[in-house]
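Trainee: I have this one open and would like to go through it with you, a bit at a time. Where do we begin?

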Amino acid sequence: MNIAIREQKAEAQATRLAVVDCDIHPTMRSLAELLPYLPERWRKHTTTYSNHMRQALAETLAYPRMTPDVARRDAWPPNGAPPGSDLDFMREQHLDLNGVEYGVLIPLRNAGAQRNLDYGAALARAVNDWQVEHWLDKEPRLRASLLVTPEDPAAAVKEIERCSADRRFVQVLLPPRMDEPAGRRRYWPIYEAAVRANLPIGMHVGGVGGHPCTAGSGAASYYIEEHHSLVPAMQAVVVSMVLEGVFEHFPTLKMALVEGSFAWVPALSWRLDTQWRRMKDEVPHLAKKPSEYVREHFWFTTQPIEEPPQPQQLFDVMSWIGWDRIMFSTDYPHWDFDDPRYVFKGKLDERHRRMIFRENAKALYGLE
Amino acid sequence: MARHVVATVGEIAPGASKLVTVKGREISLFNVKGEYFALANKCPHEGASLCRGTLVGLAESDGPGDYRVTRQGEFLKCPWHGWEFDVRTGQSWCDPGNTYVRQFAVSVEPGGELLKGPYVLETFQVAVDENYIVVEM
């Protein structure tokens, strides 16, 4: 009658809706797993100098996290390896248990934030090859994100061209915090290459922009404060890309904003439209209202979902954004994981449920 | 309401937990400094398995820089989003009125008493000289 603590019931999951998870974080068991994918020159660099980013800290994040490795407390595999490093355990604890039909991998290896641009490019190549060998070749449900170095667009373009023939790469991954706002022209070659490869740009929260996360007013005091700063960083991406005219130049560019939440989108769009009506002569290169670019070019993932006291309020917000633009994500194995069964506190009707849990992501990422 | 023998006293170390199934329901058992508590295993927020959570204390503060931690080990912190539940009541600290985990009465009984009944022993072999954890549900 008693069950060992490690066991978890996988039965009865088959009756549940299959889901596409737009945010899964794979990690390496240790640095040794990365080294074979680097040329000798960069292997030596990794072991001698390692990371150098625009912050004082080299091997850690800027704020202490709520949990070790930012992970769910139950996400360490039985073999003691880091959360997200063991495919078998990921299958058992997440892919099988939660009915994941496709899962998009987002490795957080900071290739794009390296000050040494050549090292960043080598790291991006290595992580891309590692995704193929360690994950994609072993698990047909998984898809990968194509890492590039935004501060060296020429290298980024080469990497997109090198990898994009493998259609298991479903997006080009950029951090929202780069050296400059995302709409600046220095990054346009990357957008151009993504459009040419018919890949959306995925932006997962984070990046090391070299500035305090509080949008210019100094360092944050708490993790809860830093956690929230991920949202204004995403808003800055939308504002910059729309106002710089990126979407006039690349009318087929698609953006997936991952983990930046979404309830802010209608308010931001209203505000931009109001200001645009007054000041559109400053940005005459915009042929449409800002909200129309947002509606047409941006997709948003659900986790960590907003939890208003009235669940219906969240559904109202989703209808204002567009039901076809919201995609389910879990953030597995991180602590703020959302479970597909309980993520929505209210009842979603069947049509919208299918769109959010599967169809929107399948359409954007060309799955099947 | 029946009383179910679910574990021996020695098998859950202080601060540790054990997942058991009683009448088809998963129950997590906790040993808090020698006292035993039983809570439903599903977090009311997003369904995490609570037996994987950690037992923590209550951090309180009257203002920045002034804090105290009391009731060490008496709060169960969910392994996912960190919701904290009082193991004595099952109530969440942040939202005690609406968010709570069902709690079950637990007692420790000597094997000699259990053999007299009327307990549901199921697979348990009860020895006279051992003590057992009994859940009521």
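This is a predicted model: local features need pLDDT of at least 70, side-chain atom pairs count only at pLDDT 80 or more; totals for chains, interfaces and linings use all residues.

Trainee: OK, and is A:Asp331 buried or exposed?

Mentor: A:Asp331 has a relative accessible area of 0%, and it is therefore classed as buried, since the cut-off for that class is under 20%.

Trainee: What about its phi?

Mentor: The phi of A:Asp331 is near 75°, which is a positive value in a residue other than glycine. Most residues other than glycine have a negative phi, and most peptide bonds are trans.

Trainee: Which residue of chain B has a positive phi although it is not a glycine?

Mentor: B:Arg71 does, with a phi of about 50°. B:Arg71 belongs to strand 6 of chain B, residues 66-77, and with a relative accessible area of 29% it counts as partly exposed.

Trainee: Back to peptide bonds then. Where are the cis ones?

Mentor: One cis peptide bond runs from A:Tyr332 to A:Pro333, with omega near 0°, and A:Pro333 sits in the loop between strand 8 (326-327) and helix 11 of chain A. Another cis bond joins A:Gln303 and A:Pro304, where omega is about -10°, and A:Pro304 is in the loop between strand 7 (298-301) and helix 10 (311-321) of chain A.

Trainee: Which residues are closest to the centre of the second largest pocket?

Mentor: That pocket holds about 710 Å³ of space, and of the 21 residues lining it, the closest to its centre are A:Ile224, A:His227, A:Pro304, A:Trp335 and A:Asp336. By class, the lining has eleven nonpolar, five polar and five charged residues.

Trainee: Switching to chain B, what is its pattern along the sequence?

Mentor: Chain B has one helix and nine strands, arranged along the sequence as β-β-β-β-β-β-β-β-α-β. Its C-alpha atoms fill a box of roughly 55 × 25 × 20 Å along the principal axes, and buried residues make up 49% of the 137 residues in the chain.

Trainee: What does the side chain of B:His45 make a polar contact with?

Mentor: Its partner is the side chain of A:Glu307, at 2.9 Å. B:His45 is in the loop between strand 4 (35-40) and strand 5 (54-63) of chain B, and at 8% relative accessibility it counts as buried. Leaving aside neighbours within four places in sequence, B:His45 is in contact with residues including A:Tyr342, A:Lys345, B:His81 and B:Trp83.

Trainee: Last one: at what angle do helix 8 and helix 9 of chain A pack?

Mentor: Helix 8 (residues 265-279) and helix 9 (residues 290-297) of chain A pack at about 145°, with their axes 7 Å apart. Among the residues making the contact are A:Leu272 and A:Trp276 of helix 8 and A:Pro290 and A:Val294 of helix 9, and the contact residues divide into five nonpolar, two polar and one charged.

Notes. Residues are numbered from 1 along each chain as its sequence is written. Chains are lettered from A and ligands numbered from 1 in the order in which they are written. Side-chain values use heavy atoms; hydrogens and water are left out. Axes are lines fitted to C-alpha atoms, for helices over the stretch in contact, and angles run from 0 to 180 degrees between N-to-C directions. Helices (H or I, at least four residues) and strands (E, at least two) are DSSP runs, numbered from the N terminus. Contact means heavy atoms within 4.5 Å. Ala, Val, Leu, Ile, Met, Phe, Trp, Tyr, Cys and Pro count as nonpolar, Asp, Glu, Lys and Arg as charged, and the others, Gly among them, as polar. On a 1 Å grid over the protein atoms alone, a cavity is a set of points where a 1.4 Å probe fits but cannot get out, and a pocket is an open set with protein on both sides within 12 Å along at least five of seven lines; lining residues have an atom within 4 Å of a point. Grid points are joined across faces, edges and corners, and a volume is the space filled by probe spheres set on the points. Buried means under 20% relative accessible area, exposed over 50%, partly exposed in between (1.4 Å probe, protein chains only). A polar contact is a pair of N or O atoms within 3.5 Å; within protein, one must be able to donate a hydrogen and the other to accept it, and residues adjacent in sequence count only if both atoms are side-chain atoms.
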